[in-house]
Amino acid sequence: MSLIGKEVEAFQAQAYRQGKFVEISDEALKGKWSVVCFYPADFTFVCPTELEDLQDQYEKLQELGVEVYSCSTDTHFTHKAWHDTSDAIGKINYTMIGDPSHHISRIFDVLDEEAGLAQRGTFIIDPDGIVQAMEINADGIGRDASSLIDKIRAAQYVRTHPGEVCPAKWKEDGETLKPSFDLVGKI
């Protein structure tokens with residue numbers, strides 16, 4: 001089932017952010033653009049490379065008005081321990097959500113019920129709390145956070161320019177399309 005165009009369901013959770021435990025809810029995803037990045041587990045192999053890469057893009061994402069959240073089925077305590085002991089994870093400034101109840105992973109339909117772990121899911125959420133893009137990878141396939149920049153720019157453009165769409169490989173300031181009867185079959 002696709003979550004595209006659907007509002008994120010209500011949730012509350014404990015999270016770790018910059019040396020503190022914080023409460024987080026679906027309301028935090030409203031009023032600005034958000035990226036929620038699910039991953040299987042702390043203290044693993046591919047996960048720290050992805051989360052470090054996401055941190056490397058964090059400043060650019062912040063410039064676009066985007067807040068970043070990572071989420072696994074670990075607790076917020078485990079996130080702190082990982083942050084305190086891993087060079088890669090120690091760099092992270094964004095919020096790391098704990099989901100030991102699996103509630104959030106189920107909301108986003110990324111929970112591997114048998115393993116009790118989240119799959120590698122990435123979600124772009126607009127300021128209204130509506131999912132605009134999603135991608136889910138198999139456990140062995142790490143993600144490239146730089147690909148989020150163009151997707152977010154396209155989503156932001158389409159939101160502020162009704163009636164226009166962004167073609168494949170669209171870059172900021174690139175040409176867009178205005179779907180119409182006259183355009184059918186011309187591309």
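Author: First, burial: a residue is buried under 20% relative accessible area, exposed over 50%, and partly exposed in between, with a 1.4 Å probe and protein chains only. This is a predicted model, where local features need pLDDT of at least 70, side-chain atom pairs count only at pLDDT 80 or more, and totals for chains, interfaces and linings use all residues. Residues are numbered from 1 along each chain as its sequence is written, and side-chain values use heavy atoms, with hydrogens and water left out.

Reader: OK, salt bridges. How many does the structure hold?

Author: There are 13. A pair counts when a side-chain nitrogen of Lys or Arg is within 4 Å of a carboxyl oxygen of Asp or Glu. In general, side chains of opposite charge can pair when their charged atoms come close.

Reader: What does Lys-171 pair with?

Author: Its partner is Asp-150, and the closest N and O atoms of the two are 2.4 Å apart. That pair links distant parts of the chain, with Asp-150 in helix 4 (147–160), Lys-171 in the segment after that helix, and 21 residues separating them. Helices here are DSSP runs of H or I with at least four residues, strands are runs of E with at least two, and both are numbered from the N terminus.

Reader: How far is Asp-150 from Lys-169?

Author: Their C-alpha atoms are separated by 8.3 Å, and along the chain they are 19 residues apart.

Reader: Which residues make up the network with Lys-30?

Author: Glu-7, Glu-27 and Lys-30 are linked by salt bridges into a network.

Reader: Back to helix 4. How does it pack with helix 1?

Author: Two packed helices are described by the angle between their axes and the distance between the axes. Here helix 1 (residues 46–63) packs with helix 4 at about 30°, and the axes are 10 Å apart. Axes are lines fitted to C-alpha atoms, for helices over the stretch in contact, and the angles run from 0 to 180 degrees between N-to-C directions.

Reader: Parallel or antiparallel, then?

Author: Helix 1 and helix 4 are roughly parallel. Angles under 35 degrees count as that, over 145 as roughly antiparallel, 65 to 115 as roughly perpendicular, and the rest as oblique.

Reader: Left-handed or right-handed crossing?

Author: Helix 1 makes a right-handed crossing with helix 4.

Reader: Switching topic: what's the backbone doing at His-102?

Author: His-102 has a positive phi, near 70°, though it isn't glycine. Most residues other than glycine have a negative phi. His-102 sits in the loop between strand 5 (95–98) and helix 3 (103–107), and it is buried, at 18% relative accessibility.

Reader: And what about phi at Asp-173?

Author: Asp-173 also has a positive phi, about 75°. Asp-173 is in the segment after helix 4 and counts as exposed because its relative accessibility is 76%.

Reader: Which residues form the nonpolar surface patch?

Author: Ile-4, Met-134 and Ile-136, together giving about 220 Å² of accessible area. Patch members have over 30% relative accessible area and no salt bridge; like charges are joined within 9 Å, and nonpolar side chains (Val, Leu, Ile, Met, Phe, Trp, Tyr) within 5 Å. The areas come from the Shrake-Rupley method with a 1.4 Å probe, and for residues only the protein chains shown count as cover. Ile-136 belongs to strand 9 (residues 131–137) and is partly exposed, at 36%.

Reader: Last one: where's Phe-123, and how far is it from Ile-4?

Author: Phe-123 is in strand 8 (residues 120–125) and is buried, at 0% relative accessible area.

Definitions and conventions: Left-handed = near helix turned anticlockwise from the far one by under 90°.
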